[in-house]
Each structure stands twice: as structure tokens, then as C-alpha cells.
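The stops below are meant to be selected in order.

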Amino acid sequence: MSIRIGINGFGRMGRLGVRAAWGSQDLEFAHINEIACDAAGSAHLLQFDSAHGTWELSCEGLKDAIQVEGRIIGYSSNEAIAESDWSGCDIVIEATGRFRSREEVG
């Protein structure tokens with residue numbers, strides 16, 4: 001049974017986290033929330049990183065998801081972290097750097 005991970009903030013740190021952990025049998029990415037771009041833009045940035053190069057896995061943006069090598073990761077663009085559906089996640093990584101306490105999350 002794998003741990004289902006959510007990521008709030010899919011900038012460089014969020015994307016590199018996915019790349020680094022992708023092959024793990026113990027981890028599965030369930031949801032991403034990013035306000036700076038849509039799923040297609042995030043999928044493109046995940047696959048083509050200006051500093052770390054092209055990721056060999058295929059990434060595609062769908063309407064409300066990112067597909068990586070056939071695996072679907074839910075996607076949303078909510079300003080407030082509480083508005084995203086994290087119910088399928090065992091743990092959520094806060095990668096925006098914005099929220100530093102439980103009270104700020106809401």
C-alpha cells in the first residue's frame with residue numbers, strides 16, 4: 001500500500017519533488033494545486049526544466065489533471081488551500097512557502 005501525496009504549490013520545488021520520488025513503490029501522487037498556471041502548463045514545466053533538463057517521462061496536461069506515463073494526478077488552481085479536494089491524500093506537502101502555520105491554512 002503506497003502513501004498518497006498531495007502537493008500545494010507546483011513551482012520548482014514541487015516539480016523536483018515529483019521527479020525525485022516518481023519511481024518509489026511506496027509513494028503515489030494523488031493531487032496537485034497550483035495557481036500560477038493550468039494543468040497543461042504545469043505538465044510542460046514538469047517535463048522540461050530549464051536547470052535540470054528534460055525528464056524522460058511523458059507528461060500531458062488534461063482539463064483537471066496531469067498525466068505522467070499514463071498515471072493521472074488530480075489538478076486544481078485554488079488560491080485557498082482548503083478549497084482543494086485533498087480527501088484522496090494521506091499527506092499534503094506545502095511547497096509554496098506561503099503557509100507557515102496551521103492557522104494560515106484555514
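Predicted model: local features only at pLDDT ≥ 70, side-chain atom pairs only at ≥ 80, totals over all residues.

Residues are numbered from 1 along each chain as its sequence is written, and side-chain values use heavy atoms, with hydrogens and water left out.

**Helix pair**

Select residues 12-21, helix 1, and residues 39-47, helix 2: their axes come within 10 Å and cross at roughly 60°. Helices here are DSSP runs (H or I, at least four residues) and strands are E runs of at least two, numbered from the N terminus. Axes are lines fitted to C-alpha atoms over the stretch in contact, with angles from 0 to 180 degrees between N-to-C directions. Now show side chains: R15, V18 and R19 of helix 1 meet S42, L45, L46 and Q47 of helix 2 (contact means heavy atoms within 4.5 Å).

**Q25**

Next, select Q25, in the loop between helix 1 and strand 2 (27-33). Q25 is exposed, at a relative accessible area of 72% (exposed is over 50%, buried under 20%, partly exposed in between; 1.4 Å probe, protein chains only).

**S84**

Finally, select S84, in the loop between strand 7 (71-76) and strand 8 (91-94). S84 is buried, with a relative accessible area of 8%. Leaving aside residues up to four places away in sequence, S84 touches H31, N33, S76 and N78.
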